Amino acid sequence: MIYFKFPFDEKFYSTDENSSENHINFYSFDGLRQIDCNGKIVEINQGNFDKITISSNDLKEDNNKFTPETKDEYLNNLDQVIEVIKDNQLPKLVYSRRKIFTDFNQIALKESFKNICNAYPNAFSYILINGENSWMGAFSEVLGKFNKQTHIFETMSLAGTLPVSESWSEKEIDEQKPVSSYIRDILKKYSGTLDESETYDHISGNIKHLRTDFKIKIQPEDLDTIIQELHPTPAVCGIPKDFCKENIQKLEKYPRELYAGYIKIETEESIQYFVNLRCSKLYKNAVHLFVGGGITAQSNPEKEWIETELKSEAVLKNLVVS
């Protein structure tokens with residue numbers, strides 16, 4: 001079962017689950033796992049969606065015995081991350097953690113999902129109920145969007161995070177620049193003409209990011225290769241990609257699973273790929289929130305902790321529990 005909304009779209013969508021067709025796929029961060037949502041994509045109007053029941057009884061119990069990082073553990077681990085960055089002269093490495101919320105008896109899933117949709121109208125929002133893999137999230141980062149008629153491919157560089165009221169510092173600017181360079185270098189291999197926007201503020205709830213947009217005309221047969229080259233972007237991994245990915249798996253306390261992976265949605269007109277960022281894994285007795293941040297040699301561990309706390313609010317503050 002999946003329900004979702006596209007950015008700036010008031011309509012809800014799902015799949016009819018009645019055919020072998022497959023238009024929605026979830027991919028894990030490490031690329032080793034894939035979850036398919038069978039059926040044709042169907043539109044659901046607001047009235048019909050209000051009649052739908054999404055029951056937390058369909059969720060599994062959390063028997064993982066995971067314990068989240070304490071603040072002290074996180075700060076100590078971040079010191080190690082910064083040492084790796086300095087020793088290897090890395091522009092950036094993305095480090096994440098799980099925040100586990102258990103202070104409830106029951107989650108009102110539909111109300112929580114509607115809250116997230118209302119809070120982030122410019123985001124791709126979804127709720128997936130699939131046994132051990134039940135997730136919910138809302139996020140604005142597009143890994144790619146391909147128009148089947150024009151063959152135009154669009155993507156974005158989205159990095160750097162601050163509360164909306166604060167001003168950008170050199171740290172956030174330096175964090176976003178290599179993400180843009182990484183994307184630019186990949187896309188230039190596929191066309192001599194690349195449209196690139198100015199860098200601007202992208203507001204997402206209580207926080208903002210630096211964003212640069214890219215647009216290019218490609219050959220349809222190159223699409224899958226481009227996506228594989230882009231993922232995971234420096235915004236969720238680091239630079240160089242393979243080295244950072246290897247160290248993430250060594251340094252982080254638990255596997256990312258679907259967090260920082262991507263969701264592919266194919267319609268008659270387009271194929272869209274959304275990075276699965278502000279998200280949580282749902283259980284009957286727990287919610288696992290996944291949050292991370294781009295770490296540089298100039299990072300302040302205390303500020304990075306605060307940033308992850310802010311990011312966790314994207315889902316946590318919209319949960320309806322009893």
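This is a predicted model: local features need pLDDT of at least 70, side-chain atom pairs count only at pLDDT 80 or more; totals for chains, interfaces and linings use all residues.
Residues are numbered from 1 along each chain as its sequence is written, and side-chain values use heavy atoms, with hydrogens and water left out.

**Exercise 1. Work out how helix 4 and helix 5 pack.**

Step one: find the pair. Helix 4 covers residues 170-187 and helix 5 covers residues 223-230; helices here are DSSP runs (H or I, at least four residues), and strands are too (E, at least two), numbered from the N terminus.

Step two: take the geometry. The axes are 10 Å apart and the angle is about 155 degrees, with axes fitted to C-alpha atoms over the stretch in contact and angles running from 0 to 180 degrees between N-to-C directions. That makes helix 4 roughly antiparallel to helix 5 (over 145 degrees counts as roughly antiparallel, under 35 as roughly parallel, 65 to 115 as roughly perpendicular and the rest as oblique).

Step three: see who meets whom. Tyr182, Ile183, Ile186 and Leu187 in helix 4 touch Ile226, Glu229 and Leu230 in helix 5 (contact means heavy atoms within 4.5 Å).

**Exercise 2. Count the disulfides.**

Step one: recall the idea. A disulfide is a covalent bond between the sulfur atoms of two cysteines. The cut-off used is a pair of cysteine sulfur atoms within 2.5 Å.

Step two: apply the cut-off. The count comes to 0 disulfides. For cysteine 37, the nearest cysteine sulfur belongs to cysteine 279, 15 Å away. The sulfur of cysteine 117 also has its closest cysteine sulfur in cysteine 279, and at 15 Å that's too far for a bond.

**Exercise 3. Describe the surroundings of isoleucine 127.**

Isoleucine 127 sits in strand 7, residues 124-128.

With a relative accessible area of 1%, isoleucine 127 is buried (buried is under 20%, exposed over 50%, partly exposed in between, using a 1.4 Å probe and protein chains only).

Step three: look around. Setting aside residues up to four places away in sequence, isoleucine 127 touches several residues, including Met1, Phe113, Trp135 and Leu282. Lysine 5 is 122 residues away in sequence, yet 9.6 Å away in space, C-alpha to C-alpha.

**Exercise 4. Is asparagine 318 buried or exposed?**

Step one: find asparagine 318 in the segment after helix 7 (301-316).

Step two: read its relative accessible area, 8%, so asparagine 318 is buried.
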